[in-house]
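Here are my notes on the model you sent over.

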Amino acid sequence: MTQWHPINENHAIDVMAAIVTFAEPIPDLIFRRMVKATEEVAFASGLRSRHLFQQQAMSITVGASGQPSVQQVPAMVTGRMFNSVVEGSAEEPVSGRVAEQVQVIQNFIAYRTWQYVSWNWQLERIRALLEPALSMVVGSVFVGNQRLEYLDRFYSEDSAGFAPIESLLRRDSPHVAPHVFSRTDLWHSHTGAFLPDEGSSKRLEQVHIDAVDQPVPSGSGNARWINLMTARENRYTDSNVDQSSQSIFSTFDGMHADLIKLLAGVITKDIADQIYLMNGAKQ
């Protein structure tokens, strides 16, 4: 019997990201302090692969002939990125891969992990890695938005064909395009909408589902993969809203609870039970 398998043994999370974006670039002096503080905590936490984050720009000028010309402007360093890298298996084409990442850029700060443990553990990890930088900037620069997103991945492989999509996705879900249940080729189903206004922010909810054919984890052929991205984003409109670092982490905690409910409304109960969604690994 064909079936859908999560990418991991007890959960389907491939990557999780928590991002705080500022309404304007962080002043240089504060930014340099943020980078230094983040570097210290990142290195102490095992994220010792350090990289410059560069932004490429183009300059358009009009010469004497009246014809515009495009020139490439030297890349500007706009931040730092810190990674932890784990060794890959002997069968993998690269010797190592990124397991965890922190970015400190002049207009945002972000945390990503490709080795999700549990929400309570990850929230404390996010707090430990981002708090030093956030505490330096909140109150001086307005937070424009914050976002929490998950990429869950499932695969199916069988000589008789792929598992029916209705055994993975709910037919009655408003977040899934009806046509995907009759498709045998690749497809996309992307939905998004703003939730009822809370007054201090506009709350965006997104569900992006993509069917792709890629190798199975064992590397013994291709499989049909379903990549399922769920996200919550708050876009702040009230400059009087509490933007302390504690409030930011509390908001991430609430977003996580919302995303569990959102995913439960997209996948079937059998799959939700299989990945311990309501009281297991994703908690």
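1. The protein chain carries 4 helices and 10 strands, where helices (H or I, at least four residues) and strands (E, at least two) are DSSP runs numbered from the N terminus. Going along the sequence, the order is β-β-α-β-β-β-β-α-β-β-β-β-α-α. Keep in mind that this is a predicted model, with local features needing pLDDT of at least 70, side-chain atom pairs counting only at pLDDT 80 or more, and totals for chains, interfaces and linings using all residues. Residues are numbered from 1 along each chain as its sequence is written, and side-chain values use heavy atoms, with hydrogens and water left out.

2. Overall numbers next. Of the 283 residues in the protein chain, 45% are buried; buried means under 20% relative accessible area, exposed over 50%, and partly exposed in between (1.4 Å probe, protein chains only). Take the contacts (heavy atoms within 4.5 Å) between residues at least 6 apart in sequence: 67% of them join residues at least 24 apart.

3. Helix H1 covers residues 28-44, which is 17 residues. From first C-alpha to last, H1 reaches 24 Å, close to the 24 Å expected at 1.5 Å a residue (the expected span being 1.5 Å times one less than the number of residues). Its buried residues are Ile30, Phe31, Met34, Val35, Ala37, Thr38, Val41 and Ala42. As background, an α-helix has 3.6 residues a turn, so residues three or four places apart point the same way. Just after H1, Gly46 has a positive phi of about 100 degrees.

4. How do H1 and H2 cross? Their axes come within 9 Å, at roughly 165 degrees, with axes being lines fitted to C-alpha atoms, for helices over the stretch in contact, and angles running from 0 to 180 degrees between N-to-C directions. H1 and H2 are therefore roughly antiparallel (over 145 degrees; under 35 is roughly parallel, 65 to 115 roughly perpendicular, the rest oblique). On the H1 side, Ile30, Arg33, Met34, Ala37, Thr38, Val41 and Ala42 meet Ala128, Leu129, Pro132, Ala133, Met136 and Val137 of H2. By class, that contact has 11 nonpolar, 1 polar and 1 charged residues; Ala, Val, Leu, Ile, Met, Phe, Trp, Tyr, Cys and Pro count as nonpolar, Asp, Glu, Lys and Arg as charged, and the others, Gly among them, as polar.

5. H2 (residues 119-137) also packs with H3 (residues 245-264), at an angle of about 150 degrees and with axes 10 Å apart. That makes H2 roughly antiparallel to H3. Here H2 uses Trp119, Leu123, Ile126, Arg127, Leu130, Glu131 and Leu134, which meet Ser245, Gln246, Ile248, Phe249, Phe252, Asp253 and His256 in H3. This contact divides into 8 nonpolar, 3 polar and 3 charged residues.

6. Have a look at Trp187, in the loop between strand E7 (143-156) and strand E8 (188-194). Trp187 is buried, with a relative accessible area of 5%. Leaving out residues up to four places away in sequence, Trp187 touches Ile165, Leu169, His179, Val180, Ile209, Asp210, Ala211 and Ile226. Val212 is 25 residues from Trp187 in sequence, with their C-alpha atoms 7.7 Å apart.

7. One backbone detail to check: most residues other than glycine have a negative phi. Tyr276, however, has a positive phi near 55 degrees. Tyr276 sits in the segment after helix H4 (269-274) and is partly exposed, with a relative accessible area of 44%.
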